Amino acid sequence: MTWPSGILSTLHVTGHRLTPQRELVFEAIAESHGHVTAEQLLEQLRARYPHLNKSAVYRALDLLTRLDLITQTDCGHGRIEYEMHRRPHHHHLICRACGKMEEVDQVSFVSLKKSLQSRYGFQADLDHFAIFGSCRSCQAKVRKTISTHGVMS
């Protein structure tokens, strides 16, 4: 993998080196093209590098997250999931019924961020998060059940 200069400079400017463990973790996340858990990363990396230290993977994830090179989100599966930090930022709408996940760009949340700042003096970090609810399809199924059977039981 050719390392983008921004990643190498971020590590250098913050006084960190590109260690083999950090490189492996970053490459695995970049190749995943989506969300991946620490456990999935560890399993994937240990298939190639059986002696890879679990704590090294977790330390690499922590550092890469703090440096804003990767993002972490709770997508409702009971564990944190990681993905490449993309610009512009994006968020996720997750249906509790069917599990469908849809990406939403940050433009949808500009007014919320301004409102939180003006009303509460709170500077919200709205870089990457998940909102849970019901997708259009599942809402239609509920409406159909109600209209067919009168009231849901």
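Helices here are DSSP runs of H or I at least four residues long, while strands are runs of E with at least two, both numbered from the N terminus. With that settled, a word on the model. It is a predicted one, where local features need pLDDT of at least 70 and side-chain atom pairs count only at pLDDT 80 or more, though totals for chains, interfaces and linings use all residues. Residues are numbered from 1 along each chain as its sequence is written, and side-chain values use heavy atoms, with hydrogens and water left out.

**The overall picture**

The protein chain has six helices and six strands. Reading from the N terminus, the order is α-α-β-α-α-β-β-β-β-α-β-α. Of its 153 residues, 33% count as buried, where buried means under 20% relative accessible area, exposed means over 50%, and partly exposed is in between (1.4 Å probe, protein chains only). Take the contacts (heavy atoms within 4.5 Å) between residues at least 6 apart in sequence: 50% of them join residues at least 24 apart.

**Helices around α4**

Two packed helices are described by the angle between their axes and the distance between the axes. The axes are lines fitted to C-alpha atoms, for helices over the stretch in contact, and the angles run from 0 to 180 degrees between N-to-C directions.

| Helix pair | Axis angle | Axis distance |
|---|---|---|
| α3 and α4 | roughly 125 degrees | within 10 Å |
| α2 and α4 | about 70 degrees | 9 Å |

For orientation words, angles under 35 degrees are roughly parallel, over 145 roughly antiparallel, 65 to 115 roughly perpendicular, and the rest oblique. Helix α3 (residues 38–48) crosses α4 (residues 54–66) at roughly 125 degrees, which makes the pair oblique. On the α3 side, the contact uses A38, E39, L41, L42, L45 and R46, and α4 brings K54, V57, Y58 and L61.

At about 70 degrees, α2 and α4 are therefore roughly perpendicular to each other. Here Q21, R22, V25, F26 and I29 of α2 meet A56, V57, A60, L61, L63 and L64 of α4.

Side chains of opposite charge can pair when their charged atoms come close. How many salt bridges (a side-chain nitrogen of Lys or Arg within 4 Å of a carboxyl oxygen of Asp or Glu) turn up in the whole structure? The search finds one. D62 pairs with R66, and their closest N and O atoms are 3.1 Å apart. The two are four residues apart in helix α4, so about one helical turn separates them. D62 is partly exposed at 41% relative accessible area, and R66 is exposed at 56%.

R22, in helix α2 (residues 20–32), is buried but has no salt bridge. Leaving out residues up to four places away in sequence, R22 touches H16, R17, A60, L63 and L64.

**V104 in strand β5**

Now for a strand residue: V104 lies in β5 (residues 101–105). Is V104 buried or exposed? V104 is buried, with a relative accessible area of 15%. Not counting residues up to four places away in sequence, V104 touches H90, H91, L93 and F109.

Definitions and conventions. Lys, Arg positive; Asp, Glu negative; His and termini not counted.
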